[in-house]
Amino acid sequence: MFGQSKAFSGFSVDDLDRARQFYGDTLGLQVEETGDADMRMLTIKLGSGASVFVYPKENHTPASFTILNFPVDDIDVAVDELAKRGVSFERYAEFEHDAKGIVRGPDGPSIAWFTDPAGNVLAVLKE
């Protein structure tokens, strides 16, 4: 039924201007603002060609799961660059992290989690 649909995902934030700055300037993604004065929204263009819809929500609750994963060739370079841009990395008790905040291990890809200004969880991982 939806096999040919141009499906997209979306999530909420508590401050659209901070989200636009973070996703556009900090992460370097193409961000377009849509809507009008009554309802502003963002569309984030991903490198895969997909789009993500971002909308403001007054009573926003951050996602407690990873909403976007960014595969990279070199996770150390990506983490270093994000850290230079002011991104700090999450550390979860159930995982062993290295000094940079990267989880490395035989049970999955090397991965590091961080949050957007609204508290939503994102990840960078070794492709």
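Colleague: What is the bridge partner of asparagine 69 in S7?

Modeller: Strands of a sheet pair through backbone hydrogen bonds, either parallel or antiparallel. Here asparagine 69 has alanine 123 of S7 as its bridge partner. S5 and S7 run parallel and are joined by six bridges; two strands count as paired if DSSP finds at least two bridges between them. Strands (E, at least two residues) and helices (H or I, at least four) are DSSP runs, numbered from the N terminus. This is a predicted model, where local features need pLDDT of at least 70, side-chain atom pairs count only at pLDDT 80 or more, and totals for chains, interfaces and linings use all residues. Residues are numbered from 1 along each chain as its sequence is written, and side-chain values use heavy atoms, leaving out hydrogens and water.

Colleague: Which strands are at the edges of the sheet?

Modeller: The open sheet has three strands in the order S5-S7-S6, with mixed pairing. S5 and S6 are the edge strands, each pairing on one side only. H2 packs on this sheet and touches S5, S6 and S7, a contact being heavy atoms within 4.5 Å.

Colleague: And which residues have the most contacts inside the largest nonpolar core?

Modeller: Such a core is a set of buried Ala, Val, Leu, Ile, Met, Phe, Trp, Tyr and Cys residues joined through side-chain atoms within 4.5 Å, where buried means under 20% relative accessible area with a 1.4 Å probe, protein chains only. The largest has 31 residues, and Phe11, Tyr23, Leu27, Ile44, Phe114, Leu122 and Val124 have the most contacts inside it. A second, separate core of six residues includes Trp113 and Leu125.

Note on methods
Buried means under 20% relative accessible area, exposed over 50%, partly exposed in between (1.4 Å probe, protein chains only). Axes are lines fitted to C-alpha atoms, for helices over the stretch in contact, and angles run from 0 to 180 degrees between N-to-C directions.
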